[in-house]
Amino acid sequence: MGVYISSNEFSLLIDGLHTEYGDDYLFPTEKLVSKITTQLKPDAILFTHHHGDHFSAQLSDAFLKSNEKSVIFGPNQVTKKINASGNRIHMITTEDYVKQKITFENAEVTGLKINHAGKRHIDVENVGYIVTINNTKILHVGDTNWLEEINLFDQLKLSEESIDVAILPYWMLIQDNASALIKKHINPKQVIATHISPRIKKEELSVLKSRYPKTYFLTQLEQQIQL
């Protein structure tokens, strides 16, 4: 479920250090984890929540030991499991929807609570991120949904953020009025769909791609998009 974002000056990885979690989820191989740790070396690792298809404490600890200048972001349910302290850990609080901004020399990371989808996950601390690199604003929402019953996106006010790229789980594109919701609540210039099961039916994916011809669908490990 991970997404690696890079420019010449700064790089980060969102939800990209985790282990095998089930047949419905791609996961980084040992070779890819080694590549992340020793070659890509992202300046920041961002985790949206603690589920095993998004986060591994063991892999995070190993990464931090090998990359002494890198930092980690996440909610308390993530950061409390990592053996690091001080300015290497940035905990995003989830008591309310206040945006929390951390500025680096060549980038800016803003974290905020965005509720996890599904009633059985009501206690999961899910964090969304707005990342600004090279004057491009990229939104990653983790495992949320529209959650219109709590007016979630009305509270988030993301349409005021001038989002360039929105990275959304593909199920946010399924309902009939999804295009209107994306336009109203986020209004990005580009959409990238993630969290696509390797077992998704070809017909289902084909229908989505035809509905959203300008959307990128991430379905393979190390699939690359240049924006």
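**Figure 1. Lys157 and Asn134, two residues with positive phi**. At 43% relative accessibility, Lys157 is partly exposed; this term covers values between buried, under 20% relative accessible area, and exposed, over 50%, with a 1.4 Å probe and protein chains only. Lys157 sits in the loop between α4 (152-156) and β10. Helices (H or I, at least four residues) and strands (E, at least two) are DSSP runs, numbered from the N terminus. The phi of Lys157 is near 55 degrees, a positive value in a residue other than glycine. Asn134 has a phi near 50 degrees, again positive in a residue other than glycine. Asn134 belongs to the loop between β8 (127-133) and β9 (136-140) and is partly exposed, with a relative accessible area of 49%. The model is predicted: local features need pLDDT of at least 70, side-chain atom pairs count only at pLDDT 80 or more, and totals for chains, interfaces and linings use all residues. Residues are numbered from 1 along each chain as its sequence is written, and side-chain values use heavy atoms, with hydrogens and water left out.

**Figure 2. The open sheet of seven strands**. The strand order is β6-β7-β8-β9-β10-β11-β12, and the pairing is mixed; two strands pair if DSSP finds at least two bridges between them. β6 (100-103) and β12 stand at the edges with a single partner strand each, so one side of each has no neighbour in the sheet. β6 pairs with β7 (residues 108-113) in the antiparallel sense over four bridges. Ile102 stands opposite Val109 in β7.

**Figure 3. Strand β11 and its two neighbours**. All five residues of β11 (residues 190-194) are buried. In a regular strand the side chains alternate between the two faces of the sheet. In β11, Gln190, Ile192 and Thr194 point one way, and Val191 and Ala193 point the other way. β10 (residues 165-169) pairs with β11 in the parallel sense over five bridges, and Val165 has Gln190 as its bridge partner in β11. From β10 the chain crosses through helix α5 (residues 178-185) to β11 in a right-handed β-α-β crossover. Right-handed here means that, with the strands pointing away from the viewer, the path from the first strand over the helix to the second runs clockwise. β11 also pairs with β12 (residues 216-217) in the parallel sense, over two bridges, and Ile192 stands opposite Tyr216 in β12. The crossover from β11 to β12, through helix α6 (residues 202-211), is right-handed.

Figure 4. Leu32, Val33, Ile36 and Thr37 of α1 are buried.

**Figure 5. The largest pocket and its lining**. A pocket is an open set of points on a 1 Å grid over the protein atoms alone, where a 1.4 Å probe fits and protein lies on both sides within 12 Å along at least five of seven lines; lining residues have an atom within 4 Å of a point. The largest pocket holds about 1,200 Å³ of space, a volume being the space filled by probe spheres set on the grid points, which are joined across faces, edges and corners. Of the 38 lining residues, Val3, Tyr4, Ile5, Gln223 and Ile225 lie nearest the centre. β1 (3-6), α1 (30-40), β9, β10 and β11 each supply at least two residues of the lining. The lining divides into 21 nonpolar, 15 polar and two charged residues. Ala, Val, Leu, Ile, Met, Phe, Trp, Tyr, Cys and Pro count as nonpolar, Asp, Glu, Lys and Arg as charged, and the others, Gly among them, as polar.
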